Amino acid sequence: MSLKLAGDEMSAFLDQVFPQVRGMFAIDRLDDDLLVMRLHANEQHLRPGGTVSGPAMFSLADVAAYVATMARIGPQALAVTTNCSIDFMRKPVAGADILAHAKVLKLGRALSVTDVLLYSDGQPEPVARATLTYSIPPDR
């Protein structure tokens, strides 16, 4: 399915509807095949031991699934997460951003299912894997 929003349009939409996370995430790549999104990891995202926390990684996976869905259906701010399953597979590299590689597996009228692999920037092995389902609001 072709995109309805380009990366710069999607970034502007995120800034508009979620100003509280402005600057926390960046879109590195957005095309028909893949979204690559970045969490600019800093002190607020760390847990004891100096690694990126699980909640910070969940946030990236959730935002990436939202962006991948919105890019395909257009700006619908009221789409919501209805399910998430995340597996934390290895410790992220300290001091590195986290990258999300998101692919929409299924896009229907009411639901979107997205698979997200999370990586420490510069590392070949994923640190986590998530599958998220978004509920798409009905047309009014």
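Modeller: Before we start on this predicted model, a residue is called buried when its relative accessible area is under 20%.

Biologist: Okay, then is D97 buried or exposed?

Modeller: D97 has a relative accessible area of 18%, and because buried means under 20%, D97 counts as buried.

Biologist: And where does D97 lie?

Modeller: D97 lies in a loop, the one that runs between β5, residues 80-88, and β6, residues 98-107.

Biologist: What does the side chain of D97 reach?

Modeller: The side chain of D97 comes to 3.2 Å from the backbone nitrogen of A41. Leaving aside residues up to four places away in sequence, D97 touches R38, L39, H40 and A41, and also Y119, S120 and D121.

Biologist: Switching to the sheet, what is the order of its strands?

Modeller: The sheet is open and has six strands, in the order β1-β2-β6-β7-β8-β5, and the pairing is antiparallel. Its edge strands, each pairing on one side only, are β1, residues 25-30, and β5, and the twist from one strand to the next averages 25°.

Biologist: How many bridges join β6 to β7?

Modeller: Nine bridges join β6 to β7, which covers residues 111-120, and the two strands run antiparallel; K103 stands opposite D115 in β7.

Biologist: What about the helices, and which strands does α1 touch?

Modeller: Helix α1, residues 7-17, packs on the sheet and touches β1 and β2, with its direction at about 155° to that of β1. Helix α2, residues 54-73, lies across β1, β2, β5, β6, β7 and β8, and runs at about 45° to β6.

Terms used:
Residues numbered from 1 in each chain as written. Predicted model: local features only at pLDDT ≥ 70, side-chain atom pairs only at ≥ 80, totals over all residues. Heavy atoms only, no water. Helix = DSSP H or I, 4+ residues; strand = E, 2+ residues; numbered from the N terminus. Buried < 20%, exposed > 50% of the residue type's maximum accessible area, 1.4 Å probe, protein only. Polar contact = N/O pair within 3.5 Å; in protein donor to acceptor, adjacent residues only side chain to side chain. Contact = heavy atoms within 4.5 Å. Pairing = 2+ DSSP bridges. Axes fitted to C-alpha atoms, helices over the stretch in contact; angles between N-to-C directions.
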